[in-house]
Amino acid sequence: MHTFIYRSSFPIKKESLFHFHEDPIGFKTLVGGTKGVEIIKAPKSLQVGEEVILKVTILPFWKQTWIAKHIAYEKNNFFQDNQEQGPFRKFLHTHCFLDSPEGVTSSILSDEIQIDYFLWPISRFFLFPILYFMFRKRHALTAKHFGVKPKLIFCRYS
């Protein structure tokens, strides 16, 4: 099992950041515009049991259905979705909303993914850049929604 973490700080309250993700506009903003991803079923909430179904392009001639279920939720702190069916052997995504040491008007968004993929020694070399650029874009889109700029704290892959 391997872990990818992308963590940024935002000059907004943690509750506002969480609410953006909880609101349907958050999912539409972050996933709807992603090239090669078709939304079949968007989640109605972040609550446990909620399901997301996407059609993702793996290669130009190969599309795969990706089904994820929300399996954990704590308002204003985190939610977690787990791949039920899709391109990975394992893909467990925890969205963490953390207090910032800079005070209550600032917060931290940490996307933490436990991942395993076929042909791991080879695939990790192309998966890290894909995940890095995807989450850099998602954090930028989140910040744009609020009219602020995110500050990358770190990106780690182990």
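**Pocket, rings and cores in a predicted model**

The lining of the largest pocket divides into 26 nonpolar residues, eleven polar ones and eight charged ones.

Before I go on, a word on the source. This is a predicted model, in which local features need pLDDT of at least 70 and side-chain atom pairs count only at pLDDT 80 or more, while totals for chains, interfaces and linings use all residues. Residues are numbered from 1 along each chain as its sequence is written, and side-chain values use heavy atoms, with hydrogens and water left out.

Back to the pocket. A pocket here is an open set of points on a 1 Å grid over the protein atoms alone, where a 1.4 Å probe fits, with protein on both sides within 12 Å along at least five of seven lines; lining residues have an atom within 4 Å of a point. The largest one has a volume of about 1100 Å³, the volume being the space filled by probe spheres set on the points, which are joined across faces, edges and corners. Its lining has 45 residues, and T34, V37, W66, M134 and R138 lie nearest the centre. Helix α3 gives the most to that lining, with eleven residues. Helices (H or I, at least four residues) and strands (E, at least two) are DSSP runs, numbered from the N terminus.

Next, the aromatic rings. Rings of Phe, Tyr and Trp (its six-membered ring) pair if their centres lie within 6.5 Å; planes under 30 degrees apart are stacked, over 60 edge-to-face, and the rest tilted. The count comes to 16 aromatic pairs. One of them is F20 with F146, edge-to-face, at 5.8 Å centre to centre and 65 degrees between the planes. F20 is in helix α1 (residues 14-22) and F146 in helix α3 (residues 120-146), so this pair ties together parts that are 126 residues apart in sequence. F20 is buried at 2% relative accessibility, whereas F146, at 27%, is partly exposed. Buried means under 20% relative accessible area, exposed over 50%, and partly exposed in between (1.4 Å probe, protein chains only).

W66 and F91 also pair edge-to-face, at 5.0 Å and 90 degrees. W66 belongs to strand β4 (residues 62-74) and F91 to strand β6 (residues 90-100), 25 residues apart. Both W66 and F91 are buried.

Now, which residues touch the most other members of the largest nonpolar core? They are L54, F88, I113 and I115, out of 18 residues in that core. Contributors of at least two residues each include β1 (2-10), β7 and α3. Another core, of nine residues, lies apart from it, with F10, I12, L17 and F79 among its members. A nonpolar core is a set of buried Ala, Val, Leu, Ile, Met, Phe, Trp, Tyr and Cys residues joined through side-chain atoms within 4.5 Å.

Y73 lies in strand β4 and is partly exposed at 21% relative accessibility. Y73 and L46 are 27 residues apart in sequence and 6.9 Å apart in space, C-alpha to C-alpha. K144, in helix α3, is exposed, with a relative accessible area of 65%. N76 sits in the loop between β4 and β5. N76 has a positive phi of about 70 degrees although it is not a glycine. Most residues other than glycine have a negative phi.

Key. Nonpolar A, V, L, I, M, F, W, Y, C, P; charged D, E, K, R; others polar.
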